[in-house]
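Subject: Structure handover

Hello,

Here is the structure for your set-up work. Please look through it alongside the notes below.

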Amino acid sequence: MHELKQLYKRWCGEEPAAIEQLAGAGSNRLYYRLTNHQGECVIGVVGTSRDENHAFIYLAQHFTQRQLPVPKILAVDDDEMRYLQTDLGPVSLFDALKGGRDAGGRYNQQEKQLLIRTIRELPNIQFRGARGLDWKNCYPQPEFDVDNVLFDLNYFKYCFLKATDLDFHEMKLEANFRLFAKDLTSEQMDCFLYRDFQARNVMIDPNNHPESLFFIDFQGGRKGPLYYDLASFLWQASAKYSHRLRLELIKEYYNELKKYTEVPPVHHFAHQLALFVLFRTLQVLGAYGFRGYFEHKQHFIDSIPPAIQNLREVLAYFRGNGEAGFSENDNTPYPYLMDVLQRLTELPQFAPKPQQPVVRSDGFKTAEKDIYEAHPQDGPATFSKYDGKGPLVVRVFSFSYHKGIPEDESGNGGGYVFDCRSTHNPGRYEPYKKLTGLDEPVIRFLEDDGEILTFLDSVYLLADHHVERYIQRGFTSLMFSFGCTGGQHRSVYCAQHLAEHIHEKYGVEVHICHREQGITQVLKNTKV
């Protein structure tokens, strides 16, 4: 601390008026906010590795020369064990996206725009940042290579896989690891691999435009393939990015990439990205295993289930099920590795938790399962002339109760009708009177209030069961309607979100009609 104060004094001419230690990150570096008597702040860093500090200092100075949005290095001690950098404030992109994560991955338009702007900046960092960069300054190595891959795969094997007691043949797995490593390093790319590109390492600087994005913690970067950082960002386990949002962000990245390099064909790009999603997922599980199983840190143990779910999704992609969030399907040349990973996802400790019995307000609870066991000779539980027609088309309406419930044109007599009038009405307030449930201020109002989210949670439970059963039976039509006072705010919000939820989860065709607003939309079947 004394040396850091002296460095600050040499740079500023006086000692800091206040010093605040900041929360630690993943490394052993210590961060401090140093404030002068005028209230101006800088960040002081005390590291334990000179080589790591040198890498960050060199890269930050190089990126600043390339006019990339990174913190500026203000002063460095002779031994490079301490340095000062610009203060980018306390708000990270991860903090700014909290509302979407808390809503189960339902990001509003403002949050989506932050994600889009971030992903568009990635090729800029990867390619402009690489120009003129002396790779010898990178830490701990200058380039992503086979040894790098094998180290991380064995980290996964020893710190996670072995801790599960899953039986596997080490030599067969090692042979697949080597094939995997060869494919991951097959493309020579002179771009900067950020390595830790995630929402926590993107800062929103309050001293500039409120949404100015700056990038930190790139000291582990090196020369490498562009797919790694995209996979690292979009498949971060805690982010809860939906299939649809991932596809949108991949498309934004792909289109932006065209400004910097000749892009590979979409099929090749999707397949390579899938390989890196798989690699990154195993890498993350290795870290969670070490920090959770061996260091007994509960946060990392709690992070394992969403990472396992990411693994299930990428395995589905390689099986050709098209459920992983990629635009193309392909096969994999690592059959034994895939077999081990499939068995890993099926272990009892990683199985989704069974739904607990629901205790009703009257004290009774529902049965955990049907008390009557089905018999194979009994045939189907239900049968009607509508069975087996398929595919299902779902229609979702918003409406005003003053103008009546929407008619069912299919002739089936209609479906669910939900009354949204019990929830807080933004239409009571002047700023929202001319807006609808599709507009960002109304969305934020409803989500911040929270009543509408609780309401929709119950709707989703009903809708999911109904859609799944209708798909199983080959029914062709299902209708949901949401009513409120004017058919403008709450009903529009609910109808839009249910429609997107069903389409995202099941891929069926969904017709949306906001009747009182004169707005219609068709979400096409993605399973055909």
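The notes cover confidence, the sheet, the cysteines and the salt bridges.

This is a predicted model, where local features need pLDDT of at least 70, side-chain atom pairs count only at pLDDT 80 or more, and totals for chains, interfaces and linings use all residues. Residues are numbered from 1 along each chain as its sequence is written, and side-chain values use heavy atoms, with hydrogens and water left out.

Confidence first. pLDDT is the predictor's confidence in each residue, from 0 to 100. The protein chain averages 88, and 88% of the residues score at least 70. Two stretches need care. Residues 321–330 stay under 50, with 40 contacts (heavy atoms within 4.5 Å) beyond four places in sequence. Residues 355–384 also stay under 50, with 14 such contacts. Where pLDDT is low, the predicted coordinates should not be read in detail.

Now the sheet. Helices (H or I, at least four residues) and strands (E, at least two) are DSSP runs, numbered from the N terminus. Two strands pair if DSSP finds at least two bridges between them. Five strands form an open antiparallel sheet, ordered E1-E2-E3-E5-E4. Strands E1 (18–21) and E4 (73–76) are the edges, each pairing on one side only. The twist averages 25° from one strand to the next. Angles run from 0 to 180 degrees between N-to-C directions, with axes fitted as lines to C-alpha atoms, for helices over the stretch in contact. Helix H1 (residues 2–12) packs on the sheet and touches E1, E2, E3, E4 and E5, its direction making about 50° with that of E5. E4 and E5 (residues 82–86) pair over 3 bridges, and Ala 75 stands opposite Leu 84 in E5.

Cysteines next. There are 0 disulfides (cysteine sulfur atoms within 2.5 Å) by this rule. Cys 138 is buried at 7% relative accessible area. Buried means under 20%, exposed over 50%, partly exposed in between (1.4 Å probe, protein chains only).

Last, salt bridges: a side-chain nitrogen of Lys or Arg within 4 Å of a carboxyl oxygen of Asp or Glu. The whole structure has 31. Arg 195 and Asp 152 form one of them, at 3.7 Å, N to O. Arg 195 lies in the loop between E6 and E7 and Asp 152 in helix H6, so the pair ties together parts 43 residues apart in sequence. Asp 152 is buried, at 4% relative accessibility. Arg 244 forms a salt bridge with Glu 500. That pair links helices H9 and H15, 256 residues apart.

Best wishes
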